[in-house]
Amino acid sequence: MTKGTDGRSNGRKALPLFRAGLNSAGRFAEDILFPRRCPVCDDVLPFSMDPHPGLCSLICRECFPELSFAGPLCCEKCGRSLSSEGSRAAKHPRLCADCQSHIRLFEKCYVLLDYAPLERDMLSDIKYRGKKGGLELFALLIFERLGNELRGLGAEALIPVPVHKERLRKRGYNQAALLAERLSDHLGIACREDILKRRINTRAQKELSYEDRILNLQEAFFTDIMEPSASGNASRLPETVILVDDIYTTGGTMEVCTEVLLRAGAKRVYGLCICAGREQ
Ligand SMILES: [Zn+2]
Ligand SMILES: [Zn+2]
């Protein structure tokens with residue numbers, strides 16, 4: 001998993017003039033020089049001329065079955081895989097323990113995969129090692145598995161959960177934004193990175209209780225798009241939106257971002273994450 005680098009994307013960075021002149025012949029040459037690699041085992045994948053390549057050009061046949069898709073039973077609120085019916089209170093058999101004990105302002109969150117060791121490594125590769133190939137795979141899988149449901153929500157915008165400027169400068173990209181852009185192509189829903197913003201947080205989230213985490217996050221996220229004014233100016237914020245993030249852990253980030261958007265005039269906020277930890 002950690003061996004090598006994403007030669008393809010590094011190559012793309014290193015050759016701006018080459019990129020600028022891309023046409024189909026250029027794409028062919030690029031794929032020869034920097035072939036797509038499996039985001040799990042790093043093997044070279046079959047060549048594809050298609051700008052939206054199929055599954056076999058995004059993950060190898062051997063690695064695909066290793067992915068842990070969420071389900072079959074998922075929490076109706078946060079989307080994480082549930083353990084077994086018997087371990088939950090009969091009152092809310094389709095909610096995880098977290099969603100039973102915390103308020104959820106978002107309508108529902110959709111989750112593609114369990115946060116299993118393989119998925120954890122893939123997300124780390126994307127976040128910390130610049131290997132972004134997995135995002136294209138995740139976008140396609142979300143489209144194939146959840147696309148109909150997501151399109152049925154009537155959402156007008158995909159809003160990536162932002163990272164603060166300093167992190168963006170260090171990493172060079174926000175993985176949630178890259179995913180949302182890809183998904184926007186697949187789903188035909190606009191990607192709006194201008195709506196939600198993030199200030200630098202000084203306190204480390206990991207050391208805080210759930211309540212302090214929420215307070216910390218409330219200071220971090222904001223939007224400058226305001227509610228409709230008394231003069232009747234329409235809000236520029238869409239009524240129904242989908243927040244996009246890479247991982248759902250305690251739900252704190254999703255919850256606080258939802259709160260910010262509802263306050264600013266959104267009516268319904270849904271969530272979409274690549275991974276969430278299975279209920280224990
Ligand atoms: Zn592979
Ligand atoms: Zn839940």
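In strand E7, Ala276 is the bridge partner of Asp114. The model is predicted: local features need pLDDT of at least 70, side-chain atom pairs count only at pLDDT 80 or more, and totals for chains, interfaces and linings use all residues. Residues are numbered from 1 along each chain as its sequence is written, while chains are lettered from A and ligands numbered from 1 in the order in which they are written.

The chain contains ten helices and seven strands. Both are DSSP runs numbered from the N terminus, with at least four residues for helices (H or I) and at least two for strands (E). Of its 280 residues, 36% count as buried. A residue is buried if 20 or more other C-beta atoms lie within 10 Å of its own, exposed if 12 or fewer, and partly exposed in between, with C-beta atoms placed from the backbone. Among contacts between residues at least 6 apart in sequence, 73% join residues at least 24 apart. Contact requires C-beta atoms, placed from the backbone, to lie within 7 Å.

Five strands form an open sheet with parallel pairing, in the order E1-E7-E6-E2-E3. E1 and E3 (190–191) stand at the edges, each with a single partner strand, so one side of each is left without a neighbour in the sheet. Strands pair if DSSP finds at least two bridges between them. Strands of a sheet pair through backbone hydrogen bonds, either parallel or antiparallel. E1 and E7 (residues 268–276) pair in the parallel sense over five bridges. E6 (residues 240–248) and E7 are also parallel, over eight bridges. Here Thr240 has Arg268 in E7 as its bridge partner.

H6 lies across E1, E6 and E7, and runs at about 140 degrees to E1. H8 touches E2 (157–160), E3, E6 and E7, and its direction makes about 130 degrees with that of E6. Axes are lines fitted to C-alpha atoms, for helices over the stretch in contact, and angles run from 0 to 180 degrees between N-to-C directions.

H6 (residues 133–152) and H8 (residues 175–187) also pack against each other, at about 55 degrees and with axes 9 Å apart. They are therefore oblique to each other. Angles under 35 degrees count as roughly parallel, over 145 as roughly antiparallel, 65 to 115 as roughly perpendicular and the rest as oblique. Residues of H6 in this contact include Leu135, Phe138 and Ile142, and those of H8 include Leu178, Arg182 and His186. The contact residues divide into ten nonpolar, three polar and three charged. Ala, Val, Leu, Ile, Met, Phe, Trp, Tyr, Cys and Pro count as nonpolar, Asp, Glu, Lys and Arg as charged, and the others, Gly among them, as polar.

Most residues other than glycine have a negative phi, and most peptide bonds are trans. Asp42, in the loop between H3 and H4, has a positive phi, near 75 degrees. Asp42 is partly exposed, with 19 other C-beta atoms within 10 Å. Pro72 lies in the loop between H3 (24–33) and H4 (97–101). The peptide bond from Gly71 to Pro72 is cis, with omega near 5 degrees. Ile200 lies in the loop between E4 (197–198) and H9 (210–220). Ile200 is exposed, with 9 other C-beta atoms within 10 Å. Beyond its neighbours within four places in sequence, Ile200 contacts His164 and Glu166.

Notes. Two residues are in contact if their C-beta atoms, placed from the backbone, lie within 7 Å.
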